[in-house]
Amino acid sequence: MNQTLRVDVVDMLGKGMNQVALAVRTNNRMSANPTVLVEFTPQGDRFDSFVVQVTRSVSMMQRSISALRLWAHAVVFDLRDDIPTGKAMLGDRTFTVADVRSRRATFASLKPYFSGHANTRFEFRGCGVANLDGLVMMKELAALWDVRVHAAELNQGAGMYWDGPVIEALPDGTLRRIAGLGFDAAY
């Protein structure tokens, strides 16, 4: 697989995610380098379904992934003390480091689909994933897939670009603050 592609997975169970899917479709019509849009609705196990829907879409293209983005909500604050939790959502339920650890083989099956390029990445596009539990999950996925993992510390608007700082987890476990890459960035 010598060409790469960007894949946008929109969790259609999340409130307002139909607007995100519409924005991706609209961008694709106006772009010379469109992304693959996966309108994710889990069927059975949400993690198996996520992997199957992504791999099915990518396999048909015979290319590798340069950027895989999960557009989904996140649990931003614990209501007791307003501390960002970093808990992403998938299939309208939390998606945590415990899920990554218990479903390691499922998530590992995505690794061959990622490009070998050093800047290949997975992006959590939910609000505040790069906090507490989310940081640990980001490091685990980066190591498992051998790709960079990006997420924001703050709430994210409805736009296609990052709001506020982005945290990047590298496969070696390093975390660093970066300017988030634009939606149309190839890498």
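How many bridges join β7 to strand β8, and in which sense do they run? Three bridges join β7 to β8 (residues 148–152), and the two strands run parallel. Some notes around that pair follow.

1. First, the ground rules. This is a predicted model, where local features need pLDDT of at least 70, side-chain atom pairs count only at pLDDT 80 or more, and totals for chains, interfaces and linings use all residues. Numbering starts from 1 along each chain as its sequence is written, and side-chain values use heavy atoms, with hydrogens and water left out.

2. The chain has five helices and ten strands. Both are DSSP runs numbered from the N terminus: helices are H or I with at least four residues, strands are E with at least two. Strands count as paired if DSSP finds at least two bridges between them.

3. Seven strands make up an open sheet with mixed pairing, in the order β2-β1-β3-β7-β8-β9-β10. β2 (36–40) and β10 (175–178) are the edge strands; each has a single partner strand, so one side of each lacks a neighbour in the sheet. From one strand to the next the twist averages 20 degrees (axes are lines fitted to C-alpha atoms, and angles run from 0 to 180 degrees between N-to-C directions).

4. Now for β7 (residues 121–124). Arg121 and Glu123 point one way, Phe122 and Phe124 the other, and all are buried (under 20% relative accessible area with a 1.4 Å probe, protein chains only). In a regular strand, side chains alternate between the two faces of the sheet.

5. β7 has a parallel partner in β3 (residues 64–71), joined to it by four bridges; here arginine 69 has glutamate 123 of β7 as its bridge partner. Towards β8, phenylalanine 122 stands opposite valine 149.

6. As for the whole chain, buried residues make up 49% of the 187 residues. Among contacts (heavy atoms within 4.5 Å) between residues at least 6 apart in sequence, 66% join residues at least 24 apart. The C-alpha trace spans about 45 × 35 × 35 Å along its principal axes.

Note on methods. Buried < 20%, exposed > 50% of the residue type's maximum accessible area, 1.4 Å probe, protein only.
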